[in-house]
Amino acid sequence: MQKRVEIEEFVVVDDTAPLADETHGGRAKCLQRLIRLNLPVPLTVALPFATVRALAQANPVDTHAILSHFGDAPLVSVRPSSEDPDWGGPGAIQNIGMNNARHAEFANLLGHAAADQLYIRFIQTYSMQVAHLDSDAFDLPGDANADDLARMLAAYETEMDEPFPQDPARQLEDVLKSMARAWEGTTARLLRQARGAPADAGLGLVVQRMAPGMGPPESGSGVIQFVSSDTGESQITGRYLGQSQGRDALFDESAVYLTRDPRGTSLEELFPEGFDKLVEFGAICRKFLREEMQIEFALDGGRISVLDAVRVQRRPDAAVAIAVALAEDDVISREEAVLRIEPGFLSHLMHRQIDPEAPRDLLATGVAASPGAATGKLVFTSPEAQAAAARGEAVILVRRETSPEDIRGMHAAQGVLTERGGVTSHAAMVARGLGLPGVVGASEIAIDQREKKLTTSDGRVLNTGDMVTIDGTTGTVLAGALPLLDAAQGDAFRRLLEWADDARDIEVRANADTYSEAKVALAFGAEGIGLCRTEHMFFEDDRLTLMREMIFAETPEGREASLERLVPLQVQDFTHLFELMEGRPVCIRLFDPPLHEFLPQSRDGLRELADAMTLPLSKVTRRVEALSEFNPMLGMRGVRLGITFPEIYEAQAAAIFIATVHASTPERPVVPEIMIPLVSASREVEIMRGRIESVAAAVRTQSETDFDYKLGVMVETPRAALRADEIASQVSFMSFGTNDLTQMTYGLSRDDAGRFMTQYVQQGVFPEDPFHRLDHEGVGELLSLGAERAKAANPDLTLSICGEHGGDPDSIDFCRAAGFDYVSCSPFRVPVARLAAAHIALREKHPAGQKFPDQQ
């Protein structure tokens, strides 16, 4: 049986004290590391989580024993020490031990003004944070004097019916209990859980001898760090304030600079020896703590004390720069640098973000569909967005939900906002492909498309031209034009991803439908195109007209005539795509959506179409109605369209093969990958395979050129996953389209699920939105079964996923474990996927708890 380790009620922090982050918190452990580095840390006692929990439950701790380590007249501070500093904690309380006797003593040693300030500061914090008295009587100016001190002592006695406590042990006990109870409070618990803390996260407390920072010359306090929190570049920043304590220097306008500065006095000039020492301490911390640290220090008559050192707060781009710089200076390894940056951080570097200091007026919340922030005037139609873009105006396109007709409007807009939809809705997927900030499923708003106005849940009405800001990273809609921070993808960003590529063992491709999207994907390091949705090539004005002519054709011959005019355009598209990708794999999905998506639905749109095609409005209306389906996502689409109207797929296959001939060179032959969508039966694949082989043979004959290609399927139906062995024997690759597969497995509409998904997740029905994070138990089982059966039938088969789950770290982990060869996601998620894949491989190499070399 494992022996239970007893943890002492408190421990003096020295070189050998039994301290750990998970028992005493990060601050206590860091102070021990500073002591081991021979930095001048004042005497410190650490209370473990268990003691603090006991204090919160009204169990006493021996404060006399604690204070016995600090001499006959102790003066101490108490600070929180949580396992992770980002989880926060109650505010520090200083000058515990100040009483009438110590005040008189300090008046003789430091002068009356310094003694008054020390006592007043303690009375203030004790009265408001420990005794929870009204702040009015204790909130005095910084130049308070002996009269103010007397008034504060009198006010305390009036409020509490007892004199201000004079016993240091009683003062310390009250402070410790107050901080312990504050940590266990409901508000504090919810706040730290929002920052990622577990429900049972513990708090330690550190009791430290005060360095008064007041009295003789060269006394004060300050904070120093050695990199910029904004950029991560080397830069000494901070402030120093004479006759002060703690972090006062950061909030007082009279504080001086640290380095020589033409704007005013500096610590480097006032006390050069002390400044040089602080720089030396910073270098020691960086080398041995293997991190950029912010040091809190105090001066007492020229004697330096290091009170604390915490990890420098940093913006995401600064975090990347710092990790890369530490690795390049051999302070940490490249692998550790990669692991220090969470994949989700990269989204902040690839899109503009709202300035975190900006005040926010919330209008609505929705689903965070496509990261980044955008500011612009509201417009309610795609033509309005296009017209505004032509005038150079920034706009936000607002729709109930988008359709393929809105793609040009989305291209023109700075962002998109919809009332309906989820993370895999049309608006969300197109926005991610374009790198366009998007908030969807904002069901709190009501959009009146006819009147072109938006009404919020609190009754505010916004009209065309009103300015808003959307944040697709958080799913919020805000009033007005907020200041934005530009995206930041510097050399450090690229270098970190190069190191990530060295570590990962699963490929990352991109879903890219156009030349411009593919260009972005390459810039972000995609190793190929895992999904090119050919239908998105038909929404330009000239092509849309030809597409509609094909749809309105009533015979195969009529459709073929329209397709003959479309084929050269597709050949041009595919040729440019192949040439851009320079031999990298390109997987082209044949036409998938139902035909009615290319037709207008509004009365005005139908009238315009009738005019363009010189057809009676009644005939156009009847044709549109004839193509309408009760459930189009389960109707005439995908391979069903290819079998019913074979000329469509045959024309696309011909365009792909002709482009292959045009783009191939002897040194770099193009081998296109052709993917059949929405299969559910082996016979579907057999039919399409025969037709595509016939087209390939015809192109080879006509061009007198030989070429290779790969044929595969997109697994989007549960039946296809279950019968994967029958399908796999006929194809070279199998790509799981997890957007539709999730939709069909759950019986959920991905466009409508956003209406109730938040409540489902909050009430624990689903652990997470299954369109956002792969459902391991249901959809994941279909993937595993399909992959296992397919590989058994065809060991050389290539497996992948090409839904938006391909950019989710948890889903990538699942696919890697299931033996998939690559994942494919929208271009702007490629860097996230690259880094996530590296994390997965490195964490397998360095299991949790295992330390890197030289990590102490």
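## Surroundings of Arg829

Beyond its neighbours within four places in sequence, Arg829 is in contact with Arg432, Glu804, Gly807 and Asp808, where contact means heavy atoms within 4.5 Å. Arg829 sits in the loop between β30 (822-825) and α33 (830-845). Helices (H or I, at least four residues) and strands (E, at least two) are DSSP runs, numbered from the N terminus. With a relative accessibility of 19%, Arg829 counts as buried; the classes are buried under 20% relative accessible area, exposed over 50% and partly exposed in between, with a 1.4 Å probe and protein chains only.

## Model and overall architecture

The model is predicted: local features need pLDDT of at least 70, side-chain atom pairs count only at pLDDT 80 or more, and totals for chains, interfaces and linings use all residues. Residues are numbered from 1 along each chain as its sequence is written, and side-chain values use heavy atoms, with hydrogens and water left out.

The chain contains 33 helices and 30 strands. Its C-alpha atoms fill a box of roughly 105 × 60 × 55 Å along the principal axes. Of its 856 residues, 54% count as buried. Among contacts between residues at least 6 apart in sequence, 68% join residues at least 24 apart.

## Nonpolar cores

In soluble globular proteins, nonpolar side chains tend to be buried together. A nonpolar core is here a set of buried Ala, Val, Leu, Ile, Met, Phe, Trp, Tyr and Cys residues joined through side-chain atoms within 4.5 Å. The largest one has 129 residues, and those with the most contacts inside it are Leu346, Phe657, Met734, Phe736 and Leu783. Helix α25 provides the largest share of this core, 11 residues. A second, separate core of 49 residues includes Phe106, Phe138, Trp183 and Met214.

Not counting residues up to four places away in sequence, Met734 touches Val713, Val715, Ala724, Ile727, Ala728, Ala790, Leu797, Thr798, Leu799 and Ser800.

## Helix α15

Helix α15 spans residues 382-390, and its buried residues are Ser382, Glu384, Ala385 and Ala388. These cover an arc of only 160° around the axis, so they lie on the same side of α15; the arc is that of the directions from the helix axis to the C-beta atoms. Pro383 and Ala390, on the other side of α15, are exposed.

The buried residues of α15 pack against β13 (373-379), β14 (395-399) and α16 (407-412). After α15 comes Gly392, which has a positive phi near 80°.

A cavity is a set of points, on a 1 Å grid over the protein atoms alone, where a 1.4 Å probe fits but cannot get out; lining residues have an atom within 4 Å of a point. Grid points are joined across faces, edges and corners, and a volume is the space filled by probe spheres set on the points. There are 3 cavities of 30 Å³ or more. The largest holds about 80 Å³ of space, and α21 (556-581) and α25 (646-663) are the elements that give two or more residues to its lining. Among the lining residues of the largest cavity are Phe538, Met547, Phe591 and Gln652. By class, this lining has 9 nonpolar, 2 polar and no charged residues; Ala, Val, Leu, Ile, Met, Phe, Trp, Tyr, Cys and Pro count as nonpolar, Asp, Glu, Lys and Arg as charged, and the others, Gly among them, as polar.

The second largest cavity has a volume of about 70 Å³. Its lining includes Arg79, Gln94, Arg209 and Gln245, and β3 (76-82) and β5 (203-209) are the elements that give two or more residues to that lining. The lining of the second largest cavity divides into 4 nonpolar, 6 polar and 2 charged residues.

Technical notes:
On a 1 Å grid over the protein atoms alone, a cavity is a set of points where a 1.4 Å probe fits but cannot get out, and a pocket is an open set with protein on both sides within 12 Å along at least five of seven lines; lining residues have an atom within 4 Å of a point.
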